[in-house]
Structures are given as C-alpha cells and as structure tokens.
Amino acid sequence: TDELDGSATVSPTETTQYTLQAEYHSNSITKSVEQSVEITVLPGIVFFTATSETVNNGEESVLSWKTIGAVSITLTKQSGNETAEIIKEVLPGDTGNPEPAQFSVYPNKDTTFTLEGRNVAGDTSKKQVTITVSPYPRIDIFSSDKTEILAGETVVFTWKVTGDVSAVSLVGPNFSGIDPGQFSGTVSAQP
C-alpha cells in the first residue's frame, strides 16, 4: 500500500464545503472514496472603535466599525444594570449602510456599546466599546459681544457650563462677580 499525505491552506470568505477524493485504478477496476469537511466562516468584526472613550456629559463620540461576512448587524447600548437597548440595526439587503459605518452617540453616563454581526447561517460575533462620562465640568460657551472697546464702554459676557459643576466664577478687574450657582447666563462688565 502506498500512503499519500499532505496539506493545503485555504482562506474562505464564506462557509464552504471541501471534498477530498481518492481513486484507485487497476486494470479495468476503478474505485473512488471521498470525504467532505465544511468550514463555517463566522462574521468577523474587523474593528469597532469610538473617537473618544472618555467624554463629558452629552458630548459626541463617533462609533465606527467594519465587518466581514455579516449580513446584519445590531448595535446596542447599556448603562449599569439597565436592560440593553437596540440603537441601530442593519438588516439583510439594507444597501443604505455601507461599511465602514459610523454612528454618533451622546452618552450622559458610562455606557457600553455592543456591536453584533450575524452571518447567513445565524452565527454571531460581538465586540464592545465602553465610553466613560467624565464627572468634570465643561465650558460649552464663553464669549463676549465685543473684543475691542473704547474706555468705559460695556462688554456683555455669555457662558454655559455643563457637567458636574458646583460653582462658576467670572474673574477680571472692575467686575463684581456672578452668582456661583449660575451655570449659564449673560452679564455686563465695564472694564
């Protein structure tokens, strides 16, 4: 008897069946045997990222992803012990969602986002990104109605501070201050 062995490397992009056939030929007799193996290709998540994994309350972070072999995706969000909530679905045949894809989120508390890809056979792959909401204050707006004045003219300051804020102050010469609990507003000053 002769033995033949070997190996072959393949990289299928979809679920594929491979069949090995062996034949015997002698005089006028031909016999053949075969054995098959099916390789299931799971949907792959090439990447799933956030532009910022730490944001201030309500600040934008853009989730981006790319999948291979997925015919549908589901994006969910979950904070703490809350039930996961679907925030985006792309279903089979939905051609309006090319990849790589993006989705903007504006979390107001620490949130875990889960991307799940599903292939034709129903197999799934998942990846997660957690975005932490910073407890620090953020100055959203601070502006003046004028940047150049004549001596004695009045300037109007406008501001808005968000996040975990305990006090706000406006400091400068010839200015009496603002109420520390005033997180947004307008005040006039005469330098």
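How many helices and how many strands does the protein have? The protein has zero helices and 13 strands, where helices (H or I, at least four residues) and strands (E, at least two) are DSSP runs, numbered from the N terminus. The model shown in these views is predicted, so that local features need pLDDT of at least 70 and side-chain atom pairs count only at pLDDT 80 or more, while totals for chains, interfaces and linings use all residues. Residues are numbered from 1 along each chain as its sequence is written, and side-chain values use heavy atoms, with hydrogens and water left out.

View 1. From the N terminus on, the elements run β-β-β-β-β-β-β-β-β-β-β-β-β. Of the 191 residues, 25% count as buried, a word that stands for under 20% relative accessible area, with exposed meaning over 50% and partly exposed in between (1.4 Å probe, protein chains only). The accessible surface comes to about 13300 Å², and 49% of that surface belongs to carbon and sulfur atoms; such areas come from the Shrake-Rupley method with a 1.4 Å probe, and for residues only the protein chains shown count as cover. Among contacts (heavy atoms within 4.5 Å) with a separation of 6 or more, 52% involve residues 24 or more positions apart.

**View 2. The nonpolar cores.** A nonpolar core is a set of buried Ala, Val, Leu, Ile, Met, Phe, Trp, Tyr and Cys residues joined through side-chain atoms within 4.5 Å. The largest one has 16 residues, and those with the most contacts inside it are Phe-48, Leu-63, Trp-65, Leu-75, Phe-113, Leu-115 and Ile-131. At least two residues of this core come from each of strand 3 (44-50), strand 5 (61-68), strand 6, strand 8 (101-105), strand 9 and strand 10 (124-134). Another core, of six residues, lies apart from it and includes Val-165, Val-168, Leu-170 and Ile-178.

**View 3. Ser-61 and its surroundings.** Ser-61 has its place in strand 5 and counts as buried because its relative accessibility is 0%. Its side chain reaches the backbone oxygen of Ser-52 at 2.7 Å. Beyond its neighbours within four places in sequence, Ser-61 is in contact with Ala-50, Thr-51, Ser-52, Val-55, Phe-103, Ser-104, Val-105 and Ile-131.

View 4. Strand 1 (residues 16-26) and strand 2 (residues 29-39) run antiparallel and are joined by 11 bridges, with Thr-30 in strand 2 as the bridge partner of His-25. The hairpin has two residues between the strands, and in it Asn-27 takes a positive phi near 50°. Glu-38 also belongs to strand 2 and counts as exposed, because its relative accessibility is 52%. The C-alpha atoms of Glu-38 and Thr-16 are separated by 5.7 Å, although these residues are 22 residues apart along the chain. Leaving aside neighbours within four places in sequence, Glu-38 is in contact with Thr-15, Thr-16 and Gln-17.

Conventions. Polar contact = N/O pair within 3.5 Å; in protein donor to acceptor, adjacent residues only side chain to side chain. Pairing = 2+ DSSP bridges.
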